[in-house]
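Take a moment with the sequence and the model, and then read on.

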Amino acid sequence: MEMRSKFTLGTFLLLSSLVSLSYSYSTDEDSSQLMSRRLLNQASDMSIQQYLIPHNIIREERRLPPLKWSKKLAKFASWWAHKRQADCALIHSNSDYGENLFWGSGKDWKPGDAVAAWAEEKDYYDHKKNTCTKNKDCLHYTQMIWKDSLKIGCAKVVCRSGDTLIGCNYDPHGNVIGQKPF
């Protein structure tokens, strides 16, 4: 099962990269503004799916309900990411939302890269003890699979340094002390 999910997530990341490339090339130089708006909306929808699909693949492994996209959370994530654009620091917003942050050197990071990095923490989570392996982080993973979290909104910014900051917010928040994620 684990091998299948890694393959599925890897396949998704490869396909999403190819789709992103296809949106970067114009197929018709005489296209109208309407076509441009359609492509922008499709690219936006594709970006949302680049966050949702890998999250929901991970949640499906635990038979958890899929997350739904929230424009409100996406707006908040964008606001916070832009607040951090000057320094690209992994500083949490301290809101009442759950929050995962990702930093990557350079500007070419995709949403799926952040989600994959958080999902890799699965190996460090001990469900029986409800703890992370000593000196390892697993709280990004547990937030992703928190059974009560039902909505998600994410954003990406390229910081002034040229590096990438990606943040996702979850509602209701997870990682409640004393509770298990599922």
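C154 and C168 are both buried. In this predicted model, the two cysteines are joined as a disulfide, with their sulfur atoms 2.1 Å apart. The torsion about their S-S bond is about 110 degrees, so this link is right-handed. C154 belongs to strand 5 and C168 to strand 6, so the bond ties together parts that are 14 residues apart in sequence.

How many disulfides does the count come to? There are three, and counting the bonded cysteines along the chain gives the pattern 1-5, 2-3, 4-6. The table sets out their sulfur distances.

| Disulfide | S to S distance |
|---|---|
| C88 and C159 | 2.2 Å |
| C132 and C138 | 1.9 Å |
| C154 and C168 | 2.1 Å |

Let us turn to the pair C88 and C159. Both of these cysteines are buried, and their link is right-handed, with 70 degrees about the S-S bond.

The link of C132 and C138 is left-handed, with -80 degrees about the S-S bond. Are its two ends buried or partly exposed? C132 is partly exposed, with a relative accessibility of 26%, whereas C138 is buried, at 1% relative accessible area.

Which of its residues are buried? They are L73, A74, F76, A77, W80 and A81. Viewed down the axis of helix 3, the buried residues fall within an arc of 160 degrees, so they line one face of the helix. As a general point, an α-helix has 3.6 residues a turn, so residues three or four places apart point the same way.

What do the buried residues of helix 3 pack against? Their partners are strand 1 (68–69), strand 2, strand 5 and strand 6. Strand 5 and strand 6 are also where C154 and C168 lie. On the face of helix 3 turned away from its buried side, the exposed residues are K71, K72 and K75.

Definitions and conventions. Residues are numbered from 1 along each chain as its sequence is written. This is a predicted model: local features need pLDDT of at least 70, side-chain atom pairs count only at pLDDT 80 or more; totals for chains, interfaces and linings use all residues. Side-chain values use heavy atoms; hydrogens and water are left out. A disulfide is a pair of cysteine sulfur atoms within 2.5 Å. Buried means under 20% relative accessible area, exposed over 50%, partly exposed in between (1.4 Å probe, protein chains only). Helices (H or I, at least four residues) and strands (E, at least two) are DSSP runs, numbered from the N terminus. The arc is that of the directions from the helix axis to the C-beta atoms. Contact means heavy atoms within 4.5 Å.
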